[in-house]
Amino acid sequence: MSVKLYHGINHLTAGRRVETVAEMCGVEVENIRIPGADWKQPEHLKRNPFGKIPGMETPEGNLFESCTLMRYVARKAGKMYGSTPFETAQIDQWLEFFNTQLMAVFPVINRTTFGYYVYAKEKFDDAIKELHDLIKVLDAGLKDSKFLGS
């Protein structure tokens with residue numbers, strides 16, 4: 001059985017991040033795009049019990065959550081996930097930063113920009129300011145990284 005990645009029709013989904021890591025690591029993944037109407041169907045709920053995307057079928061079983069899937073792919077390839085426990089922890093640290101800090105502001109900015117949210121100037125401006133502050137932390141944290149900061 002090959003690795004199958006189930007994600008949305010729209011290419012701006014969390015599944016696209018997993019797809020990108022797989023491409024960069026040279027891990028062959030079968031990309032299966034499913035419409036939103038199918039996310040809550042019993043077949044997909046086996047892959048992601050929350051009825052969201054992405055979901056992944058592997059020879060070992062099903063997985064969900066994009067950061068988990070990216071870690072799985074990197075570990076499977078033996079690439080992009082550090083060579084020591086400390087390096088791996090650093091990667092996990094920045095994945096968690098992305099998932100908890102950046103992803104808290106991205107929806108407001110993206111959905112407002114693309115017309116899914118009604119424009120609320122104060123909320124949008126606050127999200128942009130917070131994003132700028134977060135990017136400063138990210139830049140400082142990765143400035144000496146031989147892979148991402150230089």
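Here are some questions and answers about the sheet and the salt bridges of this predicted model.

This is a predicted model in which local features need pLDDT of at least 70 and side-chain atom pairs count only at pLDDT 80 or more, while totals for chains, interfaces and linings use all residues. Residues are numbered from 1 along each chain as its sequence is written, and side-chain values use heavy atoms, with hydrogens and water left out.

Reader: Happy to start with the sheet: in what order do its 4 strands lie?
Author: Strands here are DSSP runs of E, at least two residues long, and helices are runs of H or I, at least four, all numbered from the N terminus. Two strands pair if DSSP finds at least two bridges between them. The sheet is open with mixed pairing, and its order is β2-β1-β3-β4.

Reader: Which strands stand at the edges?
Author: An edge strand has a single partner strand, so one side of it is left without a neighbour in the sheet.

Reader: Do β1 and β2 run parallel or antiparallel, and how many bridges join them?
Author: Good one to look up in the structure: Tyr6 stands opposite Ile32 in β2. The chain crosses from β1 through α1 to β2 in a right-handed β-α-β crossover (clockwise from the first strand over the helix to the second, with the strands pointing away from the viewer). The two strands run parallel, and the bridges between them number 6.

Reader: And in β4, which residue is the bridge partner of Met56?
Author: Strand β3 (residues 55-58) runs antiparallel to β4, and 4 bridges join the two. In β4, Met56 is partnered by Leu63.

Reader: Turning to charges, is Glu19 buried or exposed?
Author: Glu19 meets Arg16 in a salt bridge (3.3 Å, N to O), meaning a side-chain nitrogen of Lys or Arg within 4 Å of a carboxyl oxygen of Asp or Glu. Buried means under 20% relative accessible area, exposed over 50%, and partly exposed in between, with a 1.4 Å probe and protein chains only. At a relative accessible area of 11%, Glu19 is buried.

Reader: With which residue does Glu96 form a salt bridge?
Author: Glu96 lies in helix α4 (residues 85-113), and its partner sits 25 residues apart in helix α3 (residues 66-77). The closest N and O atoms are 3.0 Å apart, and the partner is Arg71.

Reader: Finally, how far apart are the closest N and O atoms of Lys129 and Asp133?
Author: Both residues lie in helix α5 (residues 121-142), 4 residues apart, about one turn of the helix. Lys129 is exposed at 52%, and Asp133 is partly exposed at 33%. Their closest N and O atoms are separated by 2.8 Å.
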